[in-house]
Every structure is written in C-alpha cells, then in structure tokens.
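Today I opened a new model and kept notes as I went. Here is what I looked up, in order.

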Amino acid sequence: MELVILNTPEAIAERAADAIEELLTTKPDAVLGTATGSSPLPLYDELVRRCAAGRLSFAEVTGFMLDEYVGLPEGHPERYATFMERHLRSRVDMRPGALHGPDALADDLQAACADYERQMARAGYCDLQILGIGSDGHIAFNEPGGPLDSPTHVDVLTEQTRRDNARFFDGDIDAVPTHCITQGLGTIMKARKLVLIATGAGKAEAIRRLVEGEVSVDWPCTVMQNHPDALVLVDPAAASLLTAARP
Ligand SMILES: N[C@@H]1[C@@H](O)[C@H](O)[C@@H](COP(=O)(O)O)O[C@@H]1O
C-alpha cells in the first residue's frame with residue numbers, strides 16, 4: 001500500500017486523476033469503479049476538466065458504482081445513481097447507460113446483489129476502483145463486522161454512518177436510509193488498482209487504522225493492506241493521527 005500525503009484536496013484530485021489518465025491512455029475501454037461522498041468531488045471536477053481539454057476520454061469506459069441506498073426513489077437527489085450522473089457521467093463523454101449501479105429498488109434485493117456481482121464478473125471487475133472512507137472505517141458501505149471477502153450484498157448502515165450522512169439529508173438522521181446494497185470487500189479487492197481519497201480530521205482515526213492497524217473486520221478498510229496495488233491519498237488533517245515516522 002502506498003501512502004501519499006498532499007496538502008490540498010486539489011493536489012489529491014490531480015494525483016488521483018493522473019492514475020486514471022494513465023489507465024485510460026493505455027486502456028481506453030477500461031472498467032472504472034466510482035465512489036460517492038464528498039471526498040471524490042474534486043477528482044470528478046478534475047476529470048471533467050481533463051476531458052474538456054481532450055486529455056482523456058470516457059467514450060469507451062464502463063463504470064460500476066460501489067453502492068446504493070435502499071429505499072430512495074428514482075431521481076431522489078441523494079440516490080447514488082443520481083449523484084454519479086450529476087457529478088461525473090453527464091459532465092464527461094461517457095455513454096448514457098455505461099455507468100452501472102446495483103438495483104436497490106428491486107423487489108428481490110438478494111437477486112439484485114447476485115445480478116450486480118455477475119455484471120461485474122462479466123466485465124472482468126474494475127481496472128481501477130476509486131474509494132472514499134467512512135469515519136468508522138467502512139469502504140463502499142461495508143460496515144464493521146462483516147467478512148473481509150464478501151461479494152455484493154445488502155448491508156445495514158451503522159448509527160455513525162447515518163449520523164455522518166445526515167448532512168446530505170437536511171441534517172435529519174431519520175431521512176437517511178437504514179439499508180444499502182454495496183459491493184463487498186471481496187468484490188472491491190478484485191479491482192486491479194485501488195485509489196482511496198480521505199480528507200479532514202474526521203477521517204484521521206480510520207486512516208490510522210488503515211495504515212498502521214492490524215487487518216480486522218472491526219476496521220473494514222484494513223483489508224486494503226492485502227491488496228498488491230493500493231494508493232492512499234490523504235491531506236495532513238486525515239494523516240494527523242499517524243504515529244510512525246515518514247519521509
Ligand atoms: N457509501 C459512501 C462511501 O463510499 C464514502 O466513502 C463515505 C464517505 O463520504 P465522504 O467522502 O462524504 O466523507 O460516504 C458514504 O458512506
């Protein structure tokens with residue numbers, strides 16, 4: 001795992017965009033895993049800029065979202081499908097329909113999970129997966145306690161995650177869904193490259209566990225220590241609880 005501490009969210013966005021540009025230059029029809037949350041937003045802005053400048057193209061890219069809330073209707077502003085359409089897909093030259101997500105409106109959620117995993121398997125899983133991190137150490141929506149090799153599944157959001165995400169629902173925790181469909185940790189680990197972005201002091205404990213902790217189901221992010229090509233991009237605030245000396 002490579003840890004890079006950069007001073008600003010913009011510098012982090014540029015470093016992450018470099019990794020994506022490098023991938024799309026060598027493989028224009030790459031499979032890209034996208035993340036929601038506020039952390040990747042500067043990255044999406046940077047990708048939009050580079051696409052407008054002709055430095056990269058998403059015309060042949062297939063995308064897979066990490067997760068989706070259960071119970072939010074089509075078009076709901078906080079539905080992750082809406083989020084990804086708004087912040088990335090509609091702003092670059094990616095084909096409509098090329099960015100896939102789990103069907104969290106299905107009657108049979110278990111079947112929807114299996115179907116999503118099959119779609120990803122057929123595409124050969126992700127070449128590069130963008131990740132954020134929850135303050136409780138979740139990646140995608142894999143909450144603490146779940147197996148480290150899980151496939152796409154229904155998960156129950158922790159109180160802390162719902163509290164963290166209430167800011168997107170006018171501060172009303174009761175408006176935050178209780179369940180989600182998420183790529184499992186096993187699914188995420190099948191991506192050839194992982195790029196995780198974390199900014200702000202609220203992520204400092206999760207980053208300390210990710211970088212210096214034991215691999216444990218209590219901190220799902222720690223599974224990334226077992227990945228052969230994982231890049232962790234953080235700002236000084238998110239790095240503030242790291243204890244080991246760094247160059
Ligand atoms: N399911 C998403 C995660 O994929 C994301 O990493 C996390 C962090 O969000 P933020 O970047 O806004 O702190 O939010 C949600 O829980």
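**Notebook: domain, core and sheet**

I began with the record: UniProt, in an unreviewed entry, lists residues 10-227 as "domain: Glucosamine/galactosamine-6-phosphate isomerase". I kept in mind that such annotations may be inferred rather than shown by experiment. The model is predicted, so I noted that local features need pLDDT of at least 70, side-chain atom pairs count only at pLDDT 80 or more, and totals for chains, interfaces and linings use all residues. Residues are numbered from 1 along each chain as its sequence is written.

Next I looked at the span 10-227: its end C-alpha atoms lie 26 Å apart, and it is 33% helix and 14% strand. Helices (H or I, at least four residues) and strands (E, at least two) are DSSP runs, numbered from the N terminus.

Then I turned to the largest nonpolar core, which has 69 residues. Such a core is a set of buried Ala, Val, Leu, Ile, Met, Phe, Trp, Tyr and Cys residues joined through C-beta atoms within 7 Å; buried means 20 or more other C-beta atoms within 10 Å of a residue's own, with C-beta atoms placed from the backbone. Ala16, Val195, Leu196 and Leu233 have the most contacts inside it. Helix α1 (residues 9-26) gives the most to this core, with 7 residues.

Last, I checked a sheet: 3 strands form an open, antiparallel one in the order β4-β8-β7. Strands pair if DSSP finds at least two bridges between them. β4 (67-69) and β7 (153-156) are at the edges with a single partner strand each, so one side of each has no neighbour in the sheet. β7 pairs with β8 (residues 179-182) over 4 bridges.

Methods: Buried ≥ 20, exposed ≤ 12 C-beta atoms within 10 Å, placed from the backbone.
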